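Keep the 3D view open beside the text and find each residue as it comes up.

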Amino acid sequence: MDRKIVHSNVTVGENGHLFFAGADTVLLAEKYGTPVFLLDNARVRARIREYKEAMQMNFGESSVPLFASKSLSFKEIYRIMAEEGIGTDIVSSGELFTAVSAGFPMERAFFHGNNKTDFDIQYAIENRIGYFIVDSMEELLLIDEYAEKAGIRQKILLRLTPGIDPHTHQKISTGGVDSKFGSAIETGLAERITKAALSQTNIELCGFHCHIGSQIFEIEPYITAAEIMLSFILKMKEKFGFTAKILNLGGGFGVRYIESDPEISITKNINAIGAYIRKKCAETALDMPIIYMEPGRSIVADAGMTLYTVGTVKEIEGFKNYVSIDGGMTDNPRYTLYQSAYTVLLANKANEKADFSCTIGGRCCESGDLIQENVLIPKPERGDILAVLVTGAYNYSMASNYNRVTKPPVVVLRNNTEKLAVRRERFEDLVACDI
């Protein structure tokens, strides 16, 4: 293999085929059928270790990443996280059940969500969740109530909104004052919910959480968030005598989807955040809290690839060309939702000249079911294998059965071996809940 594309785990072999994590994608498509999700186990572990090493170097041994499992959730991913000794954050009882089913240690799990139901709270407590990330006053009081019934003192963090606009897509920006998430510092709600949390009998307030958005390539928004959060921690110490043991700065580091995207260094970013936090704590005589971060996309995105089979090639003379594939918005809704950019290649013609301009269309009965527009690939034919790169995050986890399309399998690649981690859905699965 002689040429990398976007990321080092994507190369072109001497046979002209696209290789991923050292495996011939054309052969994988023949073996497992399409669509199929591929996941590079080694890349996932390398990203985890980069986060873990940088965080422990800057913040101490207790600081570890918490994998944002909304980005990718199936049993094998939790096994990997457990083996790597990190935590996870979950956002639903379904994700919690999946983590428990995989044997993930619940003391390292953090339960998120802006509207946890009574069932969610009770179910999480029954499964001995490590921490709740509390989003509202109503939730705070319910957790106290259910903790009392369970005879425990439940650990929590409070989710705060620092009022930062990181200039990402509006739908993935979460740190503004008017966000649906958390309690705003600027309006005084954060202080009120902190006071309320400290007064609850069955709750142990351990610290605070914030999350400012996703796909952020600049470091300045994180420094600003850390400044605001540390100032709030100092204020709560002065006002209530409460010193936060934990500060969770969320996730959101940007990922390179196409060649023109910048490539960031996780280590350099964390070094910069760490230098600021240490300086701020020293200046204010504040004991440095345990720092957590919640990477999701930046751990698994470039560890993923999706393979499809080309069906119809439609040339509309004087207008545009469509290349239709056997998947689409049912396995990757991100272009439909966010107009997200992707790198698209023909896996079986990876060395051929890319001079055919086209729009990649999905199979669903929706004009908006597109994967990418105006891309250049070699002239395709029915039966060619089309690869979409960097699909490890928010693809399988957002997949649906719209049009009663079955979900693809997930194949994990590691050390020249393959493991079917999630089988392809069958038609019987589509009607399993029907009565």
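This is a predicted model: local features need pLDDT of at least 70, side-chain atom pairs count only at pLDDT 80 or more; totals for chains, interfaces and linings use all residues.

## Strand β15 and its partners

Strand β15 runs antiparallel to strand β20 (residues 385-389), and five bridges join the two.

## The hairpin with β16

Strand β16 (residues 320-325) also runs antiparallel to β15, with five bridges between them. In this pairing, K314 stands opposite Y322 of β16. The two strands form a hairpin with three residues between them, and G318 takes a positive phi there, near 85°.

## A threonine in helix α1

Is T25 buried or exposed? T25 has a relative accessible area of 0%, which is under 20%, so this residue counts as buried. You will find T25 in helix α1, which covers residues 25-32.

What does T25 touch, beyond residues up to four places away in sequence? Its contacts are L18, F19, F20, L38, M305, L307 and A347. A polar atom of the T25 side chain lies 2.7 Å from the backbone oxygen of L18.

## Helix α5 and its cover

In helix α5 (residues 118-126), the buried residues are D120, I121, Y123, A124 and I125. Their cover includes the helices α4 (93-101) and α6 (137-150), along with the strands β8 (109-111), β9 (131-134) and β10 (154-161).

After α5 comes R128, with a positive phi near 60°.

How values were computed. Residues are numbered from 1 along each chain as its sequence is written. Side-chain values use heavy atoms; hydrogens and water are left out. Helices (H or I, at least four residues) and strands (E, at least two) are DSSP runs, numbered from the N terminus. Buried means under 20% relative accessible area, exposed over 50%, partly exposed in between (1.4 Å probe, protein chains only). A polar contact is a pair of N or O atoms within 3.5 Å; within protein, one must be able to donate a hydrogen and the other to accept it, and residues adjacent in sequence count only if both atoms are side-chain atoms. Contact means heavy atoms within 4.5 Å. Two strands pair if DSSP finds at least two bridges between them.
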